[in-house]
Amino acid sequence: MSRVYNFSAGPAVLPEEVLLEAQAEMLDYHGSGMSVMEMSHRGKVFDGIIKEAEKDLRELMNIPDNYKVLFLQGGAWSQFSAIPMNMMKHGKAAYIVTGQWAKKAWQEAGRYGDAVKVASSEDRTFSYIPDCSDLDIPEDADYVYICENNTIYGTKFWELPNTKGHDLVADVSSCFLSEPVDVSKYAVIYGGVQKNIGPAGVVIAIIREDLITDDVLPGTPTMLKWKTQADNDSLFNTPPAYGIYICGKVFKWLKAQGGLAAMKERNERKAKILYDFLDQSRLFKGTVEKKDRSLMNVPFVTGDKELDALFVKEAEKEGLVSLKGHRSVGGMRASIYNAMPEEGVVKLVDFMRRFEEAHS
Ligand SMILES: *Cc1c(COP(=O)(O)O)cnc(C)c1O
């Protein structure tokens, strides 16, 4: 067996300890005589798994009691529709468009009501976070929407926008559990888990209770109505049971690492190794404004497409894989999520240094 350093943006690297534990429990989960994949989601064993996962997540994120935690399906994409359907009481919302995912969420919301783009960084290929301290947000907007960490472009909101009293909704798919967060500043925090938490197939939505009502847009599908899911503790229909089980293991792993404050420290250290190298490199350069840099997704280029392609190919031979940038940006992107060990980043920088010497 040989494991690589996997810099994929998602589905992405998982902690090896978690994979080994899942392997050990594959055929017989805690004396049940079966795998978690094979058991009823209505049984006592799975009930224990999902309850414990929620409890650990609440502890990790310090989630206040007036927020519900939902384990859902349909990817982050399904929430692009669920959010307007559940929240657009006045038929209007403000969107801050800082990348492809925010843009898609904005476009989707436009199918259900008036989705007003109040800021954007598209003028410079989403390479920065616009100043959101004094935006022109419509009085009657039902919420302000952001994508907090832009997976494709590698930028992050280091300061939340001034919503002028409106509810804040954040897609945190690619920065979920990467640092401590004050949940009370948000109305809704949600994300697909396949970036920084677990296997594809689960979306976690943390929603302030007063937003979970029967007052949804006409035609809202039963499955997309938050109240359906909340009333049934995420067990309205068959949940993505195995995925939730793995997420639960990752929560335990994060607690054992010292929780989110420790993860933040570790993530800052890892990102610094890579950014420090980029800032002095003669060959490679980062593509976004320094003040807005993500700790999770680090895009960089050489400025020469053929050299970029050669870099990706040669890196792979060294066991450094999935470094090709998103098709809309080109170049390279190293996603260095929670489960990427520091050693992986050190190895990457070491290879970049050798590549630079050979090609400049
Ligand atoms: C990957 C990603 C999505 C899309 O997630 P799906 O689960 O494939 O729908 C949405 N938002 C962000 C920030 C992402 O990184």
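This is a predicted model: local features need pLDDT of at least 70, side-chain atom pairs count only at pLDDT 80 or more; totals for chains, interfaces and linings use all residues.
**Polar pairs at the ligand**

- Asp171 places a polar side-chain atom 2.6 Å from a nitrogen atom of the ligand.
- From Lys195, a polar side-chain atom lies 2.5 Å from an oxygen atom of the ligand.
- With Ala76 the backbone takes part: one of its polar backbone atoms is 3.0 Å from a ligand oxygen atom.

**Helix α2 against helix α6**

- Helix α2 covers residues 44–61 and helix α6 covers residues 241–256; their axes come within 9 Å and cross at roughly 40°.
- That angle makes α2 oblique to α6, and the crossing is left-handed.
- On the α2 side, the contact is formed by Phe46, Ile49, Ile50, Glu52, Ala53, Asp56, Leu57, Glu59 and Leu60.
- Their partners in α6 are Ala241, Ile244, Tyr245, Gly248, Phe251, Lys252, Leu254 and Lys255.
- Sorted by class, this contact of α2 with α6 holds 11 nonpolar, 1 polar and 5 charged residues.

**Helix α1 against helix α6**

- Helix α1 (residues 16–24) also meets α6: the two axes come within 10 Å and cross at roughly 130°.
- Here too the angle makes the pair oblique, while the crossing of α1 and α6 is right-handed.
- Glu17, Val18, Glu21 and Ala22 of α1 touch Tyr242, Tyr245, Ile246, Lys249, Val250 and Trp253 of α6.
- The classes in the contact of α1 with α6 come to 7 nonpolar and 3 charged residues, with no polar ones.

**Backbone details in loops**

- As background, most peptide bonds are trans, and most residues other than glycine have a negative phi.
- Gly10 and Pro11 are joined by a cis peptide bond, with omega at about -10°.
- Pro11 sits in the loop between β1 (5–6) and α1, the helix that crosses α6 at roughly 130°.
- Thr125 is not a glycine, yet its phi is positive, at about 50°.
- You will find Thr125 in the loop between β4 (114–120) and β5 (144–147).

Conventions: Residues are numbered from 1 along each chain as its sequence is written. Side-chain values use heavy atoms; hydrogens and water are left out. Axes are lines fitted to C-alpha atoms, for helices over the stretch in contact, and angles run from 0 to 180 degrees between N-to-C directions. Helices (H or I, at least four residues) and strands (E, at least two) are DSSP runs, numbered from the N terminus. Angles under 35 degrees count as roughly parallel, over 145 as roughly antiparallel, 65 to 115 as roughly perpendicular and the rest as oblique. A crossing is left-handed if the near helix is turned anticlockwise from the far one by less than a right angle, and right-handed if clockwise. Contact means heavy atoms within 4.5 Å. Ala, Val, Leu, Ile, Met, Phe, Trp, Tyr, Cys and Pro count as nonpolar, Asp, Glu, Lys and Arg as charged, and the others, Gly among them, as polar. A polar contact is a pair of N or O atoms within 3.5 Å; within protein, one must be able to donate a hydrogen and the other to accept it, and residues adjacent in sequence count only if both atoms are side-chain atoms.
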